Amino acid sequence: MFLFLGAFVLAATAVHVAGQQEGFLSIDCGLDAKFSGRKDTYTNIAYISDSPYVDGGENHRVAADQESFTNDVSLLTLRSFPPPSGLRNCYNLPTESGAKYLVRMEFFHGRYDGKSSPLSLQFELHLGTNYWDTVTLQDTTDDWVSEAIFVAWSSWVTVCLLNTGTGTPFVNTVELRPLGASLYPDVTIDESISTYGRGNMGGNFT
């Protein structure tokens, strides 16, 4: 079951993945394995290939004329799941049973399949067997982000893309971050929460 919230706070550490900052898992979907471990020049976060975490699907890169619509290198590659990939395709993420995490997935179409706008593309995300979110994209330049906070129920947790018959599911990044146990006490193994909205309440004043 999912509830909604407006903002997240990160803390703590958890399972260590080789090539990643302690407690981080940052997956650049569709990234060729030979480039795994590349560091983002802005955040200095190391991104790895998704090959060890998912079965099936196809690697793609967004169209050259769409690259200028994002300044995030991680969004330039993606993995899609066209037929015969099946209706449900999942990423298996390493976790520590009972620990609390934030998972984030980002979607930028970028005309990777040669199709032009409007897209009218829609598919579902599931956290384990539970519905998480519906990704809806109307334009090739749309950027969709889905986030959830959950308590891990085992040493591996699945995040799944479900084909609902309204377009081919795809994903550009999958990121997992550990949270402090005291944060979001309403989140339990039986109840997770997902983002409703986020606002920047800070600013520079002169």
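# Strands, a disulfide and ring pairs

Among contacts in the chain (heavy atoms within 4.5 Å) between residues at least 6 apart in sequence, 74% join residues at least 24 apart. This is a predicted model, where local features need pLDDT of at least 70, side-chain atom pairs count only at pLDDT 80 or more, and totals for chains, interfaces and linings use all residues. Residues are numbered from 1 along each chain as its sequence is written, and side-chain values use heavy atoms, with hydrogens and water left out.

Reader: How many helices and how many strands does the chain have?
Author: Helices (H or I, at least four residues) and strands (E, at least two) are DSSP runs, numbered from the N terminus. By that count the secondary structure comes to zero helices and 15 strands.

Reader: What share of the 206 residues counts as buried?
Author: Buried means under 20% relative accessible area, exposed over 50%, and partly exposed in between, with a 1.4 Å probe and protein chains only. Of the 206 residues of the chain, the buried share is 46%.

Reader: Which cysteines form a disulfide?
Author: A disulfide is a pair of cysteine sulfur atoms within 2.5 Å. A search of the whole structure finds one. With S to S at 2.0 Å, the partners are cysteine 90 and cysteine 160.

Reader: How many residues apart in sequence are the parts that this pair ties together?
Author: Cysteine 90 lies in strand 7 (residues 88–94). Cysteine 160 lies in strand 12 (residues 156–166), so the parts tied together are apart in sequence by 70 residues.

Reader: Is the disulfide of cysteine 90 and cysteine 160 right-handed or left-handed?
Author: Look at the torsion about the S-S bond. For cysteine 90 and cysteine 160 it is about 105 degrees, so the disulfide is right-handed.

Reader: What is the relative accessible area of cysteine 160?
Author: Cysteine 160 is buried. Its relative accessible area is 1%.

Reader: Why is the pair of phenylalanine 81 and tyrosine 91 edge-to-face?
Author: Rings of Phe, Tyr and Trp (its six-membered ring) pair if their centres lie within 6.5 Å; planes under 30 degrees apart count as stacked, over 60 as edge-to-face and the rest as tilted. The count by this rule is seven aromatic pairs. In this pair the centres are 6.5 Å apart; phenylalanine 81 and tyrosine 91 are edge-to-face because their planes stand at 90 degrees.

Reader: Where do phenylalanine 81 and tyrosine 91 lie?
Author: Both residues are buried. They are 10 residues apart. Phenylalanine 81 is in the loop between strand 6 (77–80) and strand 7, and tyrosine 91 is in strand 7.

Reader: What is the angle between the planes of phenylalanine 107 and phenylalanine 123?
Author: These rings form an edge-to-face pair, 5.7 Å centre to centre. Phenylalanine 107 is in strand 8 (residues 100–108) and phenylalanine 123 in strand 9 (residues 121–127), 16 residues apart. Phenylalanine 107 is buried at 0% relative accessibility, and phenylalanine 123 is buried at 0% too. The angle between the planes of phenylalanine 107 and phenylalanine 123 is 70 degrees.

Reader: Which residues do ring pairs link into a cluster?
Author: Phenylalanine 107 and phenylalanine 123 form an aromatic pair. Ring pairs link these two and others into a cluster: Phe107, Tyr112, Phe123 and Phe170.

Reader: Which strand does strand 8 join through nine bridges?
Author: Two strands pair if DSSP finds at least two bridges between them. Here the strands run antiparallel. Arginine 104 stands opposite glutamate 147. The partner of strand 8, at residues 143–151, is strand 11.

Reader: Which residue stands opposite alanine 148?
Author: Strand 11 and strand 15 (residues 192–195) pair in the antiparallel sense over two bridges. In strand 15, the residue opposite alanine 148 is serine 194.

Reader: What is the order of the open sheet of three strands?
Author: Its pairing is antiparallel. Two bridges join strand 6 to strand 13. The order is 5-6-13.

Reader: Which side chain has a polar contact of 2.5 Å with that of arginine 111?
Author: A polar contact is a pair of N or O atoms within 3.5 Å; within protein, one must be able to donate a hydrogen and the other to accept it, and residues adjacent in sequence count only if both atoms are side-chain atoms. Arginine 111 is in the loop between strand 8 and strand 9, partly exposed at 22%. The partner side chain is that of aspartate 65.
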